[in-house]
Amino acid sequence: GKGMADLVLVPIKQYKRNGKILCGIRKGTARCMGRVLAETLDTSYKLARFLSRTLDDIAFNDEPDKYCRLNPHYDLQPGSIFESFEQAY
């Protein structure tokens, strides 16, 4: 993806700009790791949501959406750290 392209293209651009390849490698690596981290968190969120729904289906055999109806924040992703704490407690 784009993160892997940054790993290669950013050092090349930096070298062409001012000849400092190590600075470009550092910037490219940071961008790549940032994208990898974001994708990892997104995938973890999706997996946790899937597992939660599956376990709810198992626990509430006849009424799989019972918890969803009782908790209006069940499927809302928080917009900030403060909203995540509000939803957690």
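What you're looking at is a predicted model, not an experimental one. The chain is built from four helices and has zero strands. Reading from the N terminus, the order is simply α-α-α-α.

**How much is tucked away**

The chain has 89 residues, and 12% of them count as buried.

**A closer look at helix H1**

Helix H1 covers residues 2-18, and Gln-14 is one of its residues. Gln-14 is buried because its relative accessibility is 6%, and the cut-off is under 20%. Leaving aside residues up to four places away in sequence, Gln-14 touches Gly-19, Lys-20, Cys-23, Gly-24 and Lys-27.

Asp-6 sits in helix H1 too. With 10% relative accessibility, Asp-6 also falls in the buried class. Its contacts, again skipping residues up to four places away, are Pro-11, Gly-28, Arg-31 and Arg-35.

Then there's Val-8, another residue of helix H1. Is Val-8 buried or partly exposed? Its relative accessible area is 48%, so Val-8 is partly exposed. Val-8 belongs to a nonpolar surface patch along with Met-4, Leu-7, Leu-9 and Ile-12. Together, the five have about 430 Å² of accessible area.

**The cysteines**

How many disulfides does the model have? The count is zero. A disulfide is a covalent bond between the sulfur atoms of two cysteines. To be counted here, a pair of cysteine sulfur atoms has to lie within 2.5 Å. As for where the cysteines sit, Cys-23 is buried, with a relative accessible area of 19%. Cys-32 is buried as well, at 2%. Cys-23 is also one of the residues that Gln-14 touches.

**Accessibility side by side**

Here are the residues discussed above, with their values.

| Residue | Relative accessible area | Class |
|---|---|---|
| Cys-32 | 2% | buried |
| Gln-14 | 6% | buried |
| Asp-6 | 10% | buried |
| Cys-23 | 19% | buried |
| Val-8 | 48% | partly exposed |

Buried means under 20% relative accessible area, so Cys-23 with its 19% still makes it into that class.

Notes
Residues numbered from 1 in each chain as written. Predicted model: local features only at pLDDT ≥ 70, side-chain atom pairs only at ≥ 80, totals over all residues. Heavy atoms only, no water. Buried < 20%, exposed > 50% of the residue type's maximum accessible area, 1.4 Å probe, protein only. Helix = DSSP H or I, 4+ residues; strand = E, 2+ residues; numbered from the N terminus. Contact = heavy atoms within 4.5 Å. Patch = residues over 30% accessible without salt bridge, like charges linked within 9 Å, V, L, I, M, F, W, Y side chains within 5 Å. Areas by Shrake-Rupley, 256 points an atom, 1.4 Å probe, with all protein chains shown as cover. Salt bridge = Lys/Arg side-chain N within 4 Å of Asp/Glu carboxyl O.
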